[in-house]
Amino acid sequence: MQLLRLAWALAGATICCFVILLIHSHVLKEGQLAAGTCEIVTLDRDSSQPRRTIARQTARCACKKGQIAGTTRARPACVDGKS
């Protein structure tokens, strides 16, 4: 009987931890960026002049230690801070 109670308690604790991990990963995905990544927040294009398009973008980056926000292949990215 004690073994059965222990098994149910461990199963409940495992399910609880799994649910907490799921909620945490969902919140992380929604509100925060993973370290070393960037995302484009706004992208504005101005095509008011003929044969000329001006594009402005705003990016949000969460760079790792020793990195700075920059561009790679015309996209926002975290690059090494040392020259």
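Modeller: The protein exposes about 7600 Å², and carbon and sulfur atoms supply 60% of that area. This is a predicted model. Of its 83 residues, 4% count as buried. The protein has 1 helix and 4 strands, and along the sequence they follow the pattern α-β-β-β-β. Among contacts between residues at least 6 apart in sequence, 26% join residues at least 24 apart.

Strand E1 covers residues 37-46 and strand E2 covers residues 54-62. The structure holds 2 disulfides, and one of them joins cysteine 38 to cysteine 61, with an S to S distance of 2.1 Å. Cysteine 38 is in strand E1 and cysteine 61 in strand E2, so this bond ties together parts that are 23 residues apart in sequence. The torsion about its S-S bond is about 115 degrees, which makes the disulfide right-handed. Cysteine 61 is partly exposed, at 28% relative accessibility.

Glutamate 39 and arginine 60 also link these two strands. Side chains of opposite charge can pair when their charged atoms come close. Here glutamate 39 forms a salt bridge with arginine 60, and the closest N and O atoms are 2.9 Å apart. Glutamate 39 belongs to strand E1 and arginine 60 to strand E2, 21 residues apart. Both ends are partly exposed: glutamate 39 has 32% relative accessibility, and arginine 60 has 35%. The count for the structure is 1 salt bridge.

The other disulfide is formed by cysteine 63 and cysteine 78, whose sulfur atoms are 2.3 Å apart. Cysteine 63 sits in the loop between E2 and strand E3 (67-72), while cysteine 78 is in strand E4 (residues 75-80), so the pair ties together parts 15 residues apart in sequence. Its S-S torsion is about -85 degrees, so this disulfide is left-handed. Cysteine 63 is partly exposed, with a relative accessible area of 29%, whereas cysteine 78 is buried at 15%. With the bonded cysteines numbered in sequence order, the pairing reads 1-2, 3-4.

A nonpolar surface patch of about 500 Å² is made by Ile15, Phe18, Val19, Leu22 and Ile23. Valine 19 is placed in helix H1, residues 2-31, and counts as partly exposed at 39% relative accessibility.

Terms used: Residues are numbered from 1 along each chain as its sequence is written. This is a predicted model: local features need pLDDT of at least 70, side-chain atom pairs count only at pLDDT 80 or more; totals for chains, interfaces and linings use all residues. Side-chain values use heavy atoms; hydrogens and water are left out. Buried means under 20% relative accessible area, exposed over 50%, partly exposed in between (1.4 Å probe, protein chains only). Contact means heavy atoms within 4.5 Å. Accessible areas come from the Shrake-Rupley method with a 1.4 Å probe; for residues, only the protein chains shown count as cover. A salt bridge is a side-chain nitrogen of Lys or Arg within 4 Å of a carboxyl oxygen of Asp or Glu. Patches are made of residues with over 30% relative accessible area and no salt bridge: like charges are joined within 9 Å, nonpolar side chains (Val, Leu, Ile, Met, Phe, Trp, Tyr) within 5 Å. A disulfide is a pair of cysteine sulfur atoms within 2.5 Å.
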